[in-house]
Structure formats: structure tokens, C-alpha cells
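Please read these notes with the coordinates open.

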Amino acid sequence: MLVIPCPFCGPREEVEFACGGEAGSPRPADPGALDDAAWTAWLWGRVNRKGPQVETWWHQAGCGRWFLVARDSRDDRVLATWPIGAPAPAGLGLEEPDP
Amino acid sequence: MRQPFRLATGGRIDRSRPIEVRLDGERLSGFPGDTLASAILARGIRLVGRSFKRHRPRGILTAGPEEPNALLRVERGPGRVDPNSRATLVELVPGLSAATQNAWPSLRHDLAGLFDRAASFLPAGFYYKTFFRPAGAWERLFEPAIRRLAGLGRAPETADPDRYLHRHVHCDLLVVGGGPAGLRAAGLAARAGARVILADERPAPGGGLLDTGTAGPRIEGLLAAAWLERLPGELEGAGELVQLSRTAVEALHPSGHALLLERVTDHLQEPDPRLPRERLWQVRPRAVLLATGRIERPLLFPDNDRLGILLAGAARAFLAGQAVLVGRDVVVAAFDDSGYAAALELAAAGARVHAIVDPRGAPGPLASAAEAAGLRLLAGWAPVGSEGGPGLRAVRLAPLDRTGRPDGRGERTVPCDALLVAGGWTPAVQLWAQAGGGLAWDAAAAAFLPTRGPSWLRIAGAAAGARTLAEALAQADRATAELLAGLGLAPPPAEPLPAIEEPVPAPSTPPWALPETWRRDPKATFVDSRTTSPWPTSSSRCARGSPRPSTPSAGPRPGWRPTRARPRHPPPSRSSRRRPAGRSTRWHPRPCGRLGRP
């Protein structure tokens, strides 16, 4: 079980959280204007990166807020967490290509 | 009460307070410090169970948690029943009652033992191929009968009146294993200011050192037992150190989450009713040091499962711990130097050691010590069979030719009541592998040794392949320094290693290296004595004529290796095929019932 440092509450056990999946794909403003392929791609398409990736997590059993987590998908290490809207911490390797 | 195999002196037992327990309704006596297994051996009882499926008679094989045979149903009062308890781990307390399992009508006359005779006529899948006809008979006739024979033990029928608690803790360093390497590392780290938890499965600290006697290492001029007595004082002033005994680390997850199971009251005569029976520690260490030790390997030869054949290390452990001789007339098969140490210690304790057989050409320094002590050494020999009823009466020894085959001439039958087998050691790397550490086959050690692991994890001592105590302590020092540096804590204080005198063991011969010693009757050669699995001859290389199954390149591989995931789902539809490469349609795993995007 992971320990996730909630940016509002501090480190807590993974059971208190719910993972919201990969961050960085905002809902299309007008879904009705999309064709099926574009809608499907938004709905189901994920990068599924091997290495550090950014995810949204919900501190369900704590403060109830959503925030961002950088997690290395190779070894499950939580690299950093920060509130939505705040700039991502530097040096996490998020920009580098898939290792 | 008679304890014919108990010595008058020695051992870590309190002879002033005899304890009586019951085994299958009969009285069995022992002392505080005994385990159920040592009390059974002290009484001279050999038969303690029946194997799974073939119901072959089974006796005590080991002295520790690796015991495959001595599984008993232990009762401590109404509702307090544990089936399949390992007799080697159950500490003796008054009022305890144990019962043997998996035999009907009695352990000695087990009707299901007939399966053993018929084993050649029971191919794999026998049940499923045989008992499906006539329709309806399965539920009414076959299933109830087979259910009675299947499995081990009987589940308790009444509710458990005991309480079990959780505890959540954080610490800087978790040290797993209270042997010499673990004790050294825990002391160093605590004195450097780290918050340390030391978890050890045994009742007292010392680990494998507790199982050594006069042939073991001498530390600062003292035998291991005497040296260990001085240790607790040293650790007490060591800073923030929580020392947990009777605590097994059950899991170490790749996230660094450790589960510790502490047995709190089972060894107490009148436990405080406010205490829980067991406590589950959920530990969040920042770093972990594994000093989990090693377990000894049995040997392969026909009828290697007769009662009275046990590990050399176990014989030493029962002698050093509970002053119990596992036999009066002993033969030792030393594929590793542990056999010589057992022979020397048992001979010094009054057992008649009739022969030490060693297939290795160049036995080590302990061999000369054994010869100096007047023990008969048969270099270049190996056991090729055993004789007796369920109990061992004699062992067949044969000289080996240059290729490691028993040559037909000169075979000798030596009467004995115990055969101690020393097949070398397997490092206990389960937790290392579970936490994500790598393993690689090491031909010299004939074992899988740890390679690289997560940054927060180190392994030291016999678990990392150390052959001597000095090497184990040096590894512990190095690992502690690395972990403390990784945590950003002060380096461990410079403490000189204690002066150690110990013979450097000669390389051991792994049990599988002499296929000709068991190939004459592979069906009676048991690799796993609990499930009665013989060597898998029909499918293995050796059965098809490969001369040496022991060649390291052909050595066993670890059970599970990650393979490249292959897509199982149908090929993507045309529209999704146009998506950029590297995007997949797999959804990130998330809990069910909370669908819908943020």
C-alpha cells in the first residue's frame, strides 16, 4: 500500500484516496460537436506511460479535495503531489520520453 | 516422566519447572524453553504425522519455521484450536494438548497409507477421471469420502475467544531477523540516532548462532551462547530501538509497507486477559535491512523420508537449545561442513557417531577436526538408501567413482537410529524477492543470491550468501552505513568487529549433484516431504539422459519471471488504429463503483 502525501493533509495511506486516472485531458467543451472517434479517444484513450506520469487523486476519506500526483509507473513511487492549478515541481522527469 | 533422549545438562531450558502436555491423549513432559518438537524427540517419539495424499509416515525434519512434516492440531482450551501448527514453533506451556493429523483410525495404523502402495496406479487427475460415474454418486458417495482424505487438519468448530489487534507504526529502519547480522545492524543504527524496529521470529535473539554449540564459532573467546548473553544489555542503551521477539515479518511490499505478526500470549502460562493473542504490526519504515538467514537443504537418495532422517542443523539446534539428542547411533551425510559440526557436537554430547560420509574430494578444516576427534570419515562416499520400517534402522552407504556414480562394489550398511543430512544452505530471500529485489544464480554458492534491489532495501548476512560470521557482520556494517546515508542520518559509529575464530567452510556439494545416488529408485526419493513429491523424473532433463542436472546453466530458475505482456484483446478497430503510437485503450486501474471523471 502506498503512502500518498496529500498537499492539504500530509502523508496518508492509499486506502483514503481514490485515483482519478491520468491528468491532462480536459473534457471537450462541446461533446456533441465531436465525431465518434474523437469522443472515444477522449473517453478511453490514455498514454499509459512507463515512467513518471501525472495523475489526479481524490482524498476521499480526508479533506475531500482533488490534487495532482506524479507517480513512477515502473516502481509505484510517488514522486510529488501538488494542488491543481499550482505549477508542477521541476525535476520529476515528466517531460522526458518514455524510458 | 521418561525423557530418554534428554541430556542432564545444557540447553536453554529451565529444568526446575517440569511441564506436562498431552500428545494424542498421552502425557508428554518437558521444560520451559522446549518446543513441542523437542519434547516429542526427548520422549523418543519419531512418528508425528502422515504426508499429504500418499500418507507416508512422517517425522520431524527441521528445528525451525521451515518444518514440513510435524504439523499438529494444538489446543489451548475451548475454542483455542490451531490446526497445522508447526511443532517446531509451538512453545511448551502447561495444559497444552496436541493431536496428530491426517491419519485414520490412528497415526500408527493409517488406512489411507494403502494409497502409498497403490501410488503407481494413481496417475495425475485420477479423481477426476474416475469418480464422475454414475451421475449423482459424486455428491452422495465419492465427495464426502474424498473430502475426508483431502487436505490437512480440521478447522475449529467453536468461535475463537481471543482478541487480535492492529498497530500502525513508522520508523527509520526496520531490521528483519535477530541473528548476528541483524543485531549488529540494529545496534549500530540505533546508536547513530535512527528509530529502529528489530523483528525476530524466535523467542530469543541470536538467530542461527543459537543453533551452534562447541563446533560453532568463538566470538571474543566465548562460545556463541555465552557471547549472546551479553548482547541484550548492549542493545538496551542503544537509543530508540524496539525489539520484537516471536514476530515474523509476513510481508514486505514493493511500496515499503511491512506486515509483522507478533505472537503475544501463546508462550505464557497465565497471560494477562487484557493482552491480545496476536498483534499485527503495520510498519512504514523508511528503510529496511533484511538479515533473514538461511535454511538447510535435505539430501536426495531413495527412501530419504524414513523417520530419523533429519537435517544436521536441526540436530545441532535441538542439542544446543533443548539438550535433546536426536539419536544415539548417528550417521552423518556431510555434503556441507554443517554435517561435521553436527557430528562433533553430537559426539561430544554422548552420541555414537558411526560414520561421516562426504562425497567431496577435499573436505575442509572441520573434517580434520572430526578425524582428530576419532570419528570415522568416509571421504568420497554418499548415502544411497535407508533400511527399516517407518523408523530408520540402517543406512546404505556407497563409495563414489570419479564421475560421482556409486560403484557397485564396497557398499556398506551401517546400523543407526538417526541420519543427519547436510545438503548445503539456501539463503532466505523470500522477502527480498517480494519487495522487488533481483536474484541471480551463483554457481559457487549453488544458490540464488540477491543482486540489485530498491534503494531503500539492503540484505546482509547468510541471506546475502555470507558463509562465515565475520563476513555476515561486515556485510551488516556496510548495509547499515549505506541505508543511514540514504536516509540522511548520521553515519553509524565506528565499532570494531568482535574477534571471531571460526573455520572457513569448504564449498558444499548441492543435493542434486549426484543423480546416480537416487536414480536407482526415483519414486522413493522425495524432494518435498509434505506433499510427498518425488523427483519429477518423467519430465526432467536428467531422466532423459543428461549427465548432470546440476550444471549451473541448467540450474533451477526462480518460479516466476515477468514476461512481456501480450495483447489478449481483439485487434483495435480501424478508427482507433489511427491514434498516435503509444496510446492504449487500457483504463488506469481504479476502484469499482466510483466511475465518472473528475
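1. A residue is called buried here if its relative accessible area is under 20%. By that cut-off, Phe17(A) and Phe67(A) are both buried. Keep in mind that this is a predicted model.

2. How are the rings of Phe17(A) and Phe67(A) arranged? Their centres lie 5.8 Å apart and their planes meet at 80°, so the pair is edge-to-face. The two residues are 50 residues apart and link distant parts of the chain. Phe17(A) belongs to the loop between β2 (10-13) and β3 (18-22) of chain A, while Phe67(A) is in strand β5 (residues 66-72) of chain A. Over all chains, the count of aromatic pairs is six.

3. Chain B has charges placed over rings. Arg167(B) lies over the face of Trp281(B), 5.0 Å from the ring centre. The charged end of Arg328(B) sits over the ring of Phe5(B), at 5.3 Å from its centre.

4. Next, the nonpolar cores. The largest one has 75 residues. Those with the most contacts inside it are Leu36(B), Val326(B), Leu346(B), Ile356(B), Leu397(B), Leu419(B) and Leu420(B). What does Leu346(B) contact, leaving aside its neighbours within four places in sequence? Its partners are Ala315(B), Leu319(B), Leu325(B), Val326(B), Val330(B), Ala351(B) and Leu420(B). A second, separate core holds 33 residues, including Ile219(B), Trp227(B), Ala460(B) and Leu484(B). As background, nonpolar side chains tend to be buried together in soluble globular proteins.

5. Helix α5 (residues 180-191) of chain B passes a length check. At 1.5 Å a residue, its 12 residues should span 16 Å; the end C-alpha atoms are 17 Å apart, which agrees.

6. Is α5(B) enclosed or open? Of its 12 residues, 11 are buried, so the helix is largely enclosed by the rest of the structure. Among the buried ones are Pro180(B), Arg184(B), Leu188(B) and Ala190(B). Just after α5(B), Gly193(B) takes a positive phi of about 100°.

7. Finally, totals for chain B. The chain contains 13 helices and 31 strands. Of its 598 residues, 51% are buried. Among contacts with a separation of 6 or more, 64% come from residues 24 or more positions apart. The accessible surface is about 28,700 Å², and carbon and sulfur atoms account for 55% of that area.

Notes:
Residues numbered from 1 in each chain as written. Chains lettered and ligands numbered in written order. Predicted model: local features only at pLDDT ≥ 70, side-chain atom pairs only at ≥ 80, totals over all residues. Heavy atoms only, no water. Phe/Tyr/Trp six-rings, centres within 6.5 Å; stacked < 30°, edge-to-face > 60°. Helix = DSSP H or I, 4+ residues; strand = E, 2+ residues; numbered from the N terminus. Buried < 20%, exposed > 50% of the residue type's maximum accessible area, 1.4 Å probe, protein only. Lys NZ or Arg CZ within 6 Å of the ring centre and 35° of its normal. Core = buried A, V, L, I, M, F, W, Y, C linked by side-chain atoms within 4.5 Å. Contact = heavy atoms within 4.5 Å. Expected span 1.5 Å × (residues − 1). Areas by Shrake-Rupley, 256 points an atom, 1.4 Å probe, with all protein chains shown as cover.
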